[in-house]
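Colleague: I would like to go through this structure with you. Could we begin with the overall layout and then turn to individual residues?

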Amino acid sequence: MAQNIAPGNSTTASPSKGNSDKAIAGRDSHSVSKRLQHELMTLMMAANKGISAFPDGDNLFKWIGTITGPASTVYEGLSYKLSLEFPCSYPYSAPTVKFVTPCFHPNVDRHGNICLDILKEKWSASYDVRSILLSIQSLLGEPNNDSPLNGHAAELWANQVAYKKHLVEQYKKNNVDEK
């Protein structure tokens, strides 16, 4: 766990807390901005197939990501948008990542929330946007049916033909505006 503790945080109280907290918050926000700028450049230069992400407008702490379904899975050829919101404590705290495009999947609920351990208890400061997107892309083809957020999708997963039929119907129904 020590790797996920922000260097400026300590458990002892400081006698002059007021102004120093503001200075630390400003410095932390600047270092998070630098980290996110670096991750954006790395992501753009890496040119990973099927993943991309960019800040949503001028706000470096809110991004829109895109993943395409992995080849040889029922998700092949489908594209999904995600929102990524980074806390001021990033990378020591995980970003909030949700599907914007509705996604029928055992580990995604109807609100776009994702059940993925690296976004929760297994988060590490060594993860970056690229590794998050690649993990979610991988999850599409390899769900964790032991921890479903969508019970219907988890039950249907065993029958890939029926699953794909339902998936494509849901995808087309929910993405009419994007065509």
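Modeller: A term is needed before the layout: helices (H or I, at least four residues) and strands (E, at least two) are DSSP runs, numbered from the N terminus. Please also keep in mind that this is a predicted model.

Colleague: Understood. In what order do the elements of the protein chain run from the N terminus on?

Modeller: The order is α-β-β-β-β-α-α-α. In total, the protein chain has 4 helices and 4 strands.

Colleague: What percentage of the residues count as buried?

Modeller: The protein chain has 179 residues, and 36% of them count as buried. Its accessible surface is about 10,500 Å², with 53% belonging to carbon and sulfur atoms.

Colleague: And what share of the contacts with a separation of 6 or more comes from residues 24 or more positions apart?

Modeller: Such residues account for 55% of those contacts.

Colleague: Let us change topic. Which residues make the nonpolar surface patch?

Modeller: Met 41, Met 44, Met 45 and Phe 54 make a patch of about 440 Å². Helix α1, residues 17–46, contributes the largest share, with 3 residues.

Colleague: Take Met 44, which is in helix α1. Why does it count as partly exposed?

Modeller: Met 44 counts as partly exposed because its relative accessibility is 43%, and that class lies between under 20% for buried and over 50% for exposed.

Colleague: Now the annotations. Which residue does the UniProt annotation "active site" cover?

Modeller: According to the unreviewed UniProt entry, that annotation covers Cys 115. In the model, Cys 115 is in the loop between β4 (96–99) and α2 (129–141).

Colleague: Which residues does Cys 115 touch, leaving aside those up to four places away in sequence?

Modeller: Cys 115 touches Asn 107, Leu 139, Ser 147 and Leu 149. Cys 115 counts as partly exposed because its relative accessibility is 26%.

Colleague: What about Cys 88, and how many disulfides does the structure hold?

Modeller: Cys 88 has 55% relative accessibility and therefore counts as exposed. The structure holds 0 disulfides.

Colleague: How far apart are the C-alpha atoms of Ser 124 and Tyr 92?

Modeller: They are separated by 7.0 Å, although the two residues are 32 residues apart along the chain.

Notes: Residues numbered from 1 in each chain as written. Predicted model: local features only at pLDDT ≥ 70, side-chain atom pairs only at ≥ 80, totals over all residues. Heavy atoms only, no water. Patch = residues over 30% accessible without salt bridge, like charges linked within 9 Å, V, L, I, M, F, W, Y side chains within 5 Å. Areas by Shrake-Rupley, 256 points an atom, 1.4 Å probe, with all protein chains shown as cover. Salt bridge = Lys/Arg side-chain N within 4 Å of Asp/Glu carboxyl O. Buried < 20%, exposed > 50% of the residue type's maximum accessible area, 1.4 Å probe, protein only. UniProt positions renumbered as here; feature names shortened; annotations may be inferred. Contact = heavy atoms within 4.5 Å. Disulfide = S-S within 2.5 Å.
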